[in-house]
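Trainee: I would like to learn how to read a model like this one. Please take me through a few features in turn.

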Amino acid sequence: MKILIDDANIESIKELYAVYPVDGVTTNPTILKKAGRPPYEVLKEIRAFIGYNDLHVQVVGDTPDIMLQEAARIHKELGSYTFIKVPTTPEGLQVMRAIKNAGGRVTATAIYTPMQLFWAAKAGADYAAPYVNRIDNLSGNGIASVQTMQDILENHGFMTKILGASFKNVQQVQALAAYGCAAATVSPDVLHQMLKNDSVTLAVQAFVDDFHSLAGEGRSMADI
Ligand code: E4P
């Protein structure tokens, strides 16, 4: 399962890359707004740092023509292998097909329902991003919805992969990992929570204390 960082703060991305074997970065207009700098300046820094790892960048136009112009500019600035995130709307479906016909990579985004996923898959999207927590907040069941989406993809042999998005806790990511979803994009907060565990910290400290009482304070296996 690919894990992407759902954030555009370059320092935060660098810190996470130093620790976790992550696979890339996703952004959306809200995430770019939080970064608070000119979008292409931030995105170019991210691209330079992550190299050929996956980078997903969203279009905001309200017509297919404008969205296609945005896709062309994103490709020019950030590389033609950059995933263009396109909202899964009637206009967006036209854009997805045009980008795929031109050989580009597409992430269908803003997916709340299995039938949106179905049409994104038929339009040839490489990834489809269902919004797990936002579905929960609409009194739906985000995990169950994504499982239905994964079943649709598998039962029809679509090449589209799930890129789970909008996570607010570790359990949501874990449930999609267990179900075999191909990718998830996770905020730095939730990523850090995945390995934060007081029991583990205490267990490791007890081992260290025992070693020090055996070999001397501050000693390690390197200097005894
Ligand atoms: C992907 O980048 C999505 O846009 C993002 O995960 C949405 O997350 P949110 O529901 O926390 O805004």
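Trainee: Where is the place of His212?

Mentor: This is a predicted model, so local features need pLDDT of at least 70 and side-chain atom pairs count only at pLDDT 80 or more, while totals for chains, interfaces and linings use all residues. Residues are numbered from 1 along each chain as its sequence is written, and side-chain values use heavy atoms, with hydrogens and water left out. Helices are DSSP runs (H or I, at least four residues), numbered from the N terminus. His212 sits in helix 11, residues 198-215.

Trainee: Is His212 buried or exposed?

Mentor: Buried means under 20% relative accessible area, exposed over 50%, and partly exposed in between (1.4 Å probe, protein chains only). His212 has a relative accessible area of 17%, so His212 is buried. Ala203, also placed in helix 11, has 35% and is therefore partly exposed.

Trainee: Which side chain forms a polar contact with the side chain of His212?

Mentor: A polar contact is a pair of N or O atoms within 3.5 Å; within protein, one must be able to donate a hydrogen and the other to accept it, and residues adjacent in sequence count only if both atoms are side-chain atoms. Here the partner is Glu217, at 3.4 Å. Contact in general means heavy atoms within 4.5 Å. Leaving aside neighbours within four places in sequence, His212 is in contact with Glu217, Gly218 and Arg219.

Trainee: Which residues touch the most other members of the largest nonpolar core?

Mentor: A nonpolar core is a set of buried Ala, Val, Leu, Ile, Met, Phe, Trp, Tyr and Cys residues joined through side-chain atoms within 4.5 Å. In the largest one, of 54 residues, they are Ile5, Ile46, Val86, Met96, Leu117 and Val186. Helix 8 (residues 142-156) gives the most to this core, with five residues. Another core, of five residues, lies apart from it and includes Leu4 and Tyr127.

Trainee: How many aromatic pairs does a search of the whole structure find?

Mentor: Rings of Phe, Tyr and Trp (its six-membered ring) pair if their centres lie within 6.5 Å; planes under 30 degrees apart count as stacked, over 60 as edge-to-face and the rest as tilted. The search finds six. One of them, Phe118 with Trp119, is edge-to-face, at 5.4 Å centre to centre and 80° between the planes. Phe118 is buried at 17% relative accessible area, whereas Trp119 is partly exposed at 43%. Ring pairs link Phe118, Trp119 and Phe158 into a cluster.

Conventions:
Helix = DSSP H or I, 4+ residues; strand = E, 2+ residues; numbered from the N terminus.
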